[in-house]
Amino acid sequence: MLENAIKGTKNYWLLLMVLAGIAGVGFLVYLNQFSYGLGITGLSRDVTWGFYIAQFTFLVGVAAGGVMLVLPYYLHDYKAFGRITILGEFLAVGAIIMCLLFIVADMGQPIRAMNVIMNATPYSMLFWDFIVLNTYLVLNIVIGWKLLEAERNYVKPPAWVKLLIYFSIPCAFGIHTVTAYLYCGLPGRHFWLTAVLAPRFLASAFAAGPSFLIILCFIVRKFTKFDPGTKAMQTLMKIITYALIANVFFFACELFTAFYSGIPSHIDHIKYLFVGHEGHGVLVPWMWASMILMGLSICLLVVPSIRNDERMMPVLCVMVFIGTWIDKGMGMMAGGFVPNPMHHYNEYVPTLKEIAITLGVWATGFIVLTILYKIAVSIKEEVRA
Amino acid sequence: MEENRRKFLKVAGASAVGLSVAPVMKAHAIGEYFMPASQTGKHENALIGKHWAMVIDISKLTEDINEKITEACHSAHNVPELENKKHEIKWIWEEHFEHAFTDQRNSYIPDSAKHSPVLVLCNHCVNPPCVKACPTKATFKRDDGIVLMDFHRCIGCRFCMAACPYGSRSFNLEDPRNGLEDRKPKNPQFPTRMKGVVEKCNFCAERLAVGQMPLCAEVSEGAIVFGDLEDPESEVRSILAKSFTIRRKPALGTEPSVYYIVGGGDHA
């Protein structure tokens, strides 16, 4: 099956070259970070996690989002998803690889990464995150590969693959729950200290993941002979609608709890994000953009004729994707760290070098995704021919 | 305080004799860093405690004293002075009262109190959230209550910094030697760190191991008292019994080991 990765059209190779170029630039900048330290980023003593961990958190969601194809197909026998579950599984692989790369990029001493295993510490949530992410990665590689192999050989996949698939469903929920637990178990960070964080993460994941998947489906449809199917995409749009509403609803619950209780330590972070504090407010326009994008998306998504319209789908998906990316990425990090524990407002803005490394990681993830999708689609074309 | 210290030395001396371990007289403080003195017993003067704690009398702190204390601590521990303010490393530093005690909101306390200079440092919590968060046990709590860092094990994930509700931790965003004169340690007895690891106050574990009180207490002109909380005869206990003290963010359940006397007291 791998041979499909090395025979492709000019466009395929061109895309890979462009992505490799971006990844290469990112890597060169990373070498600078590796030798100088994380000081080349906009991070500080007060805002100690930034752009990298924001991408990580968001992408864990994208990876978990793939389960929105797997669950209806395998647990509810929803046939329309049958032909594209593989796209969800491979999306999860690409996204988790990006997550792991972002974690490495964020480490002060990446060479010591294996200390997490050698000095395994079960009461640290980071240890569990490491475990579930890697488990989910391996599961999706094995499942995706076996399913594709069976499809190519016109046979049923072995029974144990189905067991793995069933196991991968709670794992998908697990990766994002544990990722939320990284944040919501910390005393004194009141923006994160909320039981609704994990559900909110899941809701935004089930909006962002499928949105990304639909965009990929359109790309696949445009450039290959494989059609993911209109019905499947319309159902995904419905899932996005519910998930996005749930995400915004959970956020509204946060607002109510913070502002009705009137507890300043809960309110201050939200105020900083949305109205700023004494001249500190770099994120204000971003946060409003995110809210407007998500709000407008909901207004459009709830109308069936709009969300089922294939011309509107990519537009809506891009809106949802960007809206949730700002909300969960940038907002979640800076909102948690500003103001700091002493109530000083020290803001964070990523540097150009930091953005270059970030783009490099995204490009690397896209290389993996491109190759995996190429293999999957080639086999689907072959089988249908 | 002198009296108390003499008592410590006596206890320490006695226990050192009791141990039949061949005394390593030249024992380097750092060698015993990771174990409480009671377990190493290498230095005859080592100070041994069950729960080290600190009492800081805010009324005795002035900007000058605070500066002196910070300077002494940072020199002794080779804390760099970096040009980029964002890369700052701090072990003990000054905050105004309202920032040190964010949950003590009160618009009507006198301005002098509101802006009174308070020293803040690692609280060496009984329930340290940083220790719970660390995925490699690079930060850990010793039996005598001191929360320490193993700079060689830290992977620089900064989870401990997110977990600390007091902002007591610093991360080396660049090589800390960039901020040391001639890139050399001021105190060759204490290690410099490398880039990419977290650091913080260590309650002068390296000094306790050789029978010395924490430097901040020593140079504080009586504003800071250090001792064993589990020893009912200790000076810290007698102060805590007499004066009204507060701790930072007690509602979080972390149980800080650093206590503050507000409004003065008649101790020492």
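**A tour from Leu87(A)**

Select Leu87(A): leaving out residues up to four places away in sequence, Leu87(A) touches Leu213(A), Leu216(A), Cys217(A), Pro228(A), Tyr373(A) and Ala376(A). Contact here means C-beta atoms, placed from the backbone, within 7 Å.

This is a predicted model: local features need pLDDT of at least 70, side-chain atom pairs count only at pLDDT 80 or more, and totals for chains, interfaces and linings use all residues. Residues are numbered from 1 along each chain as its sequence is written, and chains are lettered from A and ligands numbered from 1 in the order in which they are written.

Next, select helix 4 (residues 85–106) and helix 14 (residues 352–384) of chain A. Their axes lie 9 Å apart, at an angle of about 155°. That makes helix 4 of chain A roughly antiparallel to helix 14 of chain A (an angle over 145 degrees). Axes are lines fitted to C-alpha atoms over the stretch in contact, and angles run from 0 to 180 degrees between N-to-C directions. Helices are DSSP runs of H or I, at least four residues, numbered from the N terminus.

Look at the residues that meet. Helix 4 of chain A brings, among others, Phe90(A), Gly94(A) and Met98(A); helix 14 of chain A brings residues including Trp362(A), Gly365(A) and Tyr373(A). This contact divides into 19 nonpolar, 3 polar and no charged residues. Ala, Val, Leu, Ile, Met, Phe, Trp, Tyr, Cys and Pro count as nonpolar, Asp, Glu, Lys and Arg as charged, and the others, Gly among them, as polar.

Finally, show chain B. Here 40 residues of chain B are in contact with 31 residues of chain A. Helix 7 of chain B gives the most to that side of chain B, with 4 residues.

Methods
Helix = DSSP H or I, 4+ residues; strand = E, 2+ residues; numbered from the N terminus. Parallel < 35°, antiparallel > 145°, perpendicular 65-115°, else oblique. Contact = placed C-beta atoms within 7 Å.
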